[in-house]
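Here is a short report on one protein model. Look over the sequence and the fold first, then read on.

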Amino acid sequence: MVSFVVSPMKLVSLGVMLIGTILSVSSEELVGVWLGLELNLYGFLVIMNPDGHYSPEPCVKYFVVQSTGSILMLVGFVSLMEQHVVSGLVMSTAGTVLKSGVFPLHSWVPSIIKNSSWLASGLMLTWQKSGPLVFLSMILPSKSLWVVIVSMAGIGAVGGLNQNSVRVMSAYSSFVHTSWMLLGLAWSSVVFVGYFAVYSLSVGLFFYGCSLMNKMSMGSQLSSAASGMGLLMLMGMPPFLGFLAKVLVFLMSGSPVIVACIMGSVISLKFYIDFFYSMVMKSLVDKNKVEVKAIWSLVICMNIMGGALILVSFI
């Protein structure tokens, strides 16, 4: 039996983090965007190391990176208010690119993810990206956005090859998925929300299973099934929801940039499959095969039903 102990500090920090992102996404004023991102940062720093059990190094690195991005954004916003449009846009864009961890200021993501906890890594690859990505799509010109999308797809696909760390592999995988999310966001916010939700669910299941993979219990076997399902969703294999999310972006997109996203996903299948066979399949071979098969059957049925519901909602 796995027990979860949630302290009041964690709950407050989680609330501050969620409110900050919602404020930054929904605000119509530049000051509101900046304030929301700052609230999100301070709430997330507590979640990264709430009990002091983990190394402070990733927390310090993340704080320095995000603080630098915040300063650049604030200087850019002040310049825009003073009618210095060009310099304001340049500074705002640089700060947002740094905070979101996209090309060309993306190199800090794998190093911080590698040494962070599973919870912090999962949030960093999902929820922490939502606010900066939405704002980036608003201020970045179309041609520059296409360059970022193509670069992220290529870097994520090639960088993830021959990686031994699951967290680092997931960081490079997030680059490929970020290219899909940016492309979807450029054409439809509804498609972006759908893709982001599926991607967040996939990462959550995958990281949850990996965090419990070394425990020799039935719970560990069930978590192995969950991580395998999350991995298949990240791969975009039919009939899982990850495949449907990519199809929706493909159908909505009218740009040839989609080819780069597809190529990045195809190349990234290599390290997905390597991990699937080396870790997940081995942990599923045990005496509880009946229970594990039942979990897999339930998971596949849930994905098929979820995909059908999404398709019906778009008809």
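## Terms and basis

Buried means under 20% relative accessible area, exposed means over 50%, and partly exposed lies in between (1.4 Å probe, protein chains only). This is a predicted model, in which local features need pLDDT of at least 70 and side-chain atom pairs count only at pLDDT 80 or more, while totals for chains, interfaces and linings use all residues. Residues are numbered from 1 along each chain as its sequence is written, and side-chain values use heavy atoms, with hydrogens and water left out.

## Overall build

The protein has 14 helices and 0 strands. Helices are DSSP runs of H or I with at least four residues, strands are E runs with at least two, and both are numbered from the N terminus.

Buried residues make up 51% of the 315 residues. A contact means heavy atoms within 4.5 Å. Among contacts between residues at least 6 apart in sequence, 70% join residues at least 24 apart. The protein exposes about 14,900 Å², and carbon and sulfur atoms supply 73% of that area. The areas come from the Shrake-Rupley method with a 1.4 Å probe; for residues, only the protein chains shown count as cover.

## Backbone exceptions

Most residues other than glycine have a negative phi, and most peptide bonds are trans. Q83 is not a glycine, yet has a positive phi of about 70 degrees. Q83 sits in the loop between α3 (57-81) and α4. Is Q83 buried or exposed? Q83 counts as exposed because its relative accessibility is 63%.

The other site is a cis peptide bond between F103 and P104, with omega about 5 degrees. P104 belongs to the loop between α4 (85-100) and α5 (108-114).

## Two buried helix residues

S24 lies in helix α1 (residues 8-26). With 7% relative accessibility, S24 counts as buried. Beyond neighbours within four places in sequence, S24 is in contact with G32, V33, G36, L37 and G131.

P110 lies in helix α5. P110 counts as buried, at 9% relative accessibility. Leaving out neighbours within four places in sequence, P110 is in contact with V168, A171, Y172 and F175. P110 and V168 are 58 residues apart in sequence, but 5.2 Å apart in space, C-alpha to C-alpha.

## Cavities

A cavity is a set of points, on a 1 Å grid over the protein atoms alone, where a 1.4 Å probe fits but cannot get out; lining residues have an atom within 4 Å of a point. Grid points are joined across faces, edges and corners, and volume is the space filled by probe spheres set on the points. How many cavities of 30 Å³ or more are there? The count is 4. The largest cavity holds about 140 Å³. Its lining has 14 residues, and Y62, Q66, K99, Q128 and K129 lie nearest the centre. Two or more lining residues come from each of α2 (30-48), α3, α4, α5, α6 (118-125) and α7 (127-139). By class, this lining has 8 nonpolar, 4 polar and 2 charged residues. Nonpolar covers Ala, Val, Leu, Ile, Met, Phe, Trp, Tyr, Cys and Pro; charged covers Asp, Glu, Lys and Arg; the others, Gly among them, are polar.

The second largest cavity holds about 50 Å³. Its lining includes L125, S170, Y199, F206 and Y272. α9 (166-187) and α10 (189-211) each give at least two lining residues. The largest share, 4 residues, comes from α10. This lining has 7 nonpolar, 2 polar and no charged residues.

Notes
On a 1 Å grid over the protein atoms alone, a cavity is a set of points where a 1.4 Å probe fits but cannot get out, and a pocket is an open set with protein on both sides within 12 Å along at least five of seven lines; lining residues have an atom within 4 Å of a point.
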